[in-house]
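Colleague: Before we discuss the labels attached to this model, could you put the structure up, so that each term can be set against its value?

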Amino acid sequence: MNQPEKIIIADDHPLFRQALLGTLKSKLTYTQWLEAETIDELNEQLNAHNNSDLLLLDLNIPGAHGFNTLIHVRNHFPQIPVVIVSAHEDHDTISKAMNYGAAGFIPKSTPVDGIYTAIITILSGHTWLPDTFEQSQNNNTDIDIAERVASLTQQQYRILMMFAQGMLNKQIAYDLNVSEATIKAHATAIFRKLDVRNRTQAVIAIGQLDLSEAGFESR
């Protein structure tokens, strides 16, 4: 297998990134590694490097809101395989990640050499999952809201995430350098696509895609 040209790693824990990159850089010597600690930084990397070979995504990166970021990336950057690297190792989290389009799921408890093997397996076109995992049936309710989130444009998704942070239309308009009327128009489109009536219902809807606390191990 030829070495990948670019891999994005989105994780807000510097020590984990340093440990991972310390091993991977010595094995993938020709690969350019692009790092992101927040969703905004990840979006910048994806837009600037949409020819990347792989994205290693931590589900708990600030602003990710559970599986919403995975769904968004798979919809807008389908050419980039996404591998979840997470401290959440429960069966439900792994199953949902795969249902929402992940190319593999690597628990953070995996030894670094094992993570390298998983990455090489995925870059070769195969799926990689923990040995203990068995795929279960899809949850139709979750799949439905995932499809609705996937239908949002990049700007609509960004505004929805700002709604989830509790920001007012005036604040969002200022941050995005547009008018409040534009934000209201986007909000109307977002509500229609999510089949909700207002902000509160929209935030509750995407909350279905948050991570379960079951099986979570503190990092």
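Colleague: Which hand does the crossing of helix 1 and helix 5 have?

Modeller: This is a predicted model, and in it helix 1 and helix 5 cross with a right-handed sense.

Colleague: Why is helix 1 called oblique to helix 5?

Modeller: The axes of helix 1 (residues 14-27) and helix 5 (residues 112-123) come within 10 Å and cross at roughly 60°. Angles under 35 degrees count as roughly parallel, and the roughly perpendicular range is 65 to 115, so helix 1 is classed as oblique to helix 5.

Colleague: What makes the contact between helix 1 and helix 5, and how many of its residues are nonpolar, polar or charged?

Modeller: Helix 1 contributes Phe16, Ala19, Leu20, Thr23, Leu24 and Lys27, while helix 5 contributes Val112, Asp113, Ile115, Tyr116 and Ile119. By class, the contact comprises eight nonpolar residues, one polar residue and two charged ones.

Colleague: Where does Asp58 lie, and why is Asp58 called buried?

Modeller: Asp58 sits in the loop between strand 3 (54-57) and helix 3 (68-76). Its relative accessible area is 1%, and buried means under 20%, so Asp58 is classed as buried. An unreviewed UniProt entry annotates Asp58 as "modified residue: 4-aspartylphosphate".

Colleague: What does the record give for residues 145-210, and what are the helix and strand percentages there?

Modeller: The unreviewed UniProt entry carries the annotation "domain: HTH luxR-type" for residues 145-210. Over that stretch the chain is 74% helix and 0% strand, with the end C-alpha atoms 12 Å apart.

Key:
Residues numbered from 1 in each chain as written. Predicted model: local features only at pLDDT ≥ 70, side-chain atom pairs only at ≥ 80, totals over all residues. Heavy atoms only, no water. UniProt positions renumbered as here; feature names shortened; annotations may be inferred. Helix = DSSP H or I, 4+ residues; strand = E, 2+ residues; numbered from the N terminus. Buried < 20%, exposed > 50% of the residue type's maximum accessible area, 1.4 Å probe, protein only. Axes fitted to C-alpha atoms, helices over the stretch in contact; angles between N-to-C directions. Parallel < 35°, antiparallel > 145°, perpendicular 65-115°, else oblique. Left-handed = near helix turned anticlockwise from the far one by under 90°. Contact = heavy atoms within 4.5 Å. Nonpolar A, V, L, I, M, F, W, Y, C, P; charged D, E, K, R; others polar.
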